[in-house]
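Please open the model in your viewer and keep the sequence panel beside it. The tour below moves from one selection to the next.

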Amino acid sequence: MTAFLDTNVLVRHFTGDPPDLAERATRFLAEADELLVPDLIVAEVVYVLESFYEVERPQVAELARAIVAFPAVTVIDHDLLLRAIEVYEVARIDFAEAYLVASAERSGVNTVASFDRSIDRVKTVRRLEPGAT
């Protein structure tokens with residue numbers, strides 16, 4: 001069976017919270033044939049683990065990599081997600097900005113229009129601040 005996978009199944013599996021749902025999630029993941037995971041779901045997992053569960057960035061990055069590497073999981077662009085996770089971890093910027101950086105790099109545009117100065121930590125892209133002279 002093929003199915004799209006929601007954030008809550010992954011979060012339950014990773015956190016063990018609550019135990020009954022975590023056990024069901026883990027069993028489901030172990031038995032799954034093909035699970036489609038949109039990039040948005042990976043971003044949401046990162047956000048939930050960071051904000052609600054207060055998981056440290058290196059562990060969040062490790063868990064995000066585990067999603068991408070899981071044998072039953074299919075993502076749209078494996079390499080793009082891995083690069084976004086790397087930028088998130090190394091440059092210590094929010095995952096959404098890390099994903100934009102990875103997308104800008106991949107596309108060859110290499111420019112991100114943003115007011116978020118944390119993007120300046122990544123030297124492979126240029127941040128264009130709207131309205132700045």
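Predicted model: local features only at pLDDT ≥ 70, side-chain atom pairs only at ≥ 80, totals over all residues.

Residues are numbered from 1 along each chain as its sequence is written, and side-chain values use heavy atoms, with hydrogens and water left out.

Select β1 (2–4) and β3 (73–74), together with β2 (residues 34–36); helices (H or I, at least four residues) and strands (E, at least two) are DSSP runs, numbered from the N terminus. These three strands form an open sheet in the order β1-β2-β3, with parallel pairing, where two strands pair if DSSP finds at least two bridges between them. Because β1 and β3 stand at the edges, each with a single partner strand, one side of each has no neighbour in the sheet. Between β1 and β2 there are three bridges, and threonine 2 can be found opposite glutamate 34 in β2.

**The core.** Next, select Val37 and Phe95, the residues with the most contacts inside the largest nonpolar core, which has 41 residues. Such a core is a set of buried Ala, Val, Leu, Ile, Met, Phe, Trp, Tyr and Cys residues joined through side-chain atoms within 4.5 Å; buried means under 20% relative accessible area, exposed over 50%, and partly exposed in between (1.4 Å probe, protein chains only). Leaving aside neighbours within four places in sequence, valine 37 is in contact (heavy atoms within 4.5 Å) with Leu5, Val42, Ile67, Val73, Thr74 and Val75.

**Helix α1.** Move to Thr7, Val9, Leu10 and Val11, the buried residues of α1, whose cover includes α2, α3 and α4. Just after this helix, glycine 16 has a positive phi of about 70 degrees.

**Salt bridges.** Which residues are linked to Arg83 in a network of salt bridges? Select Glu86 and Glu105, which belong to that network with Arg83; a salt bridge is a side-chain nitrogen of Lys or Arg within 4 Å of a carboxyl oxygen of Asp or Glu. Arginine 83 and glutamate 86 have their closest N and O atoms 2.9 Å apart, and both lie in helix α5, three residues apart. The side chains of arginine 83 and glutamate 105 meet at 2.7 Å, N to O, linking helix α5 to helix α6 across 22 residues.
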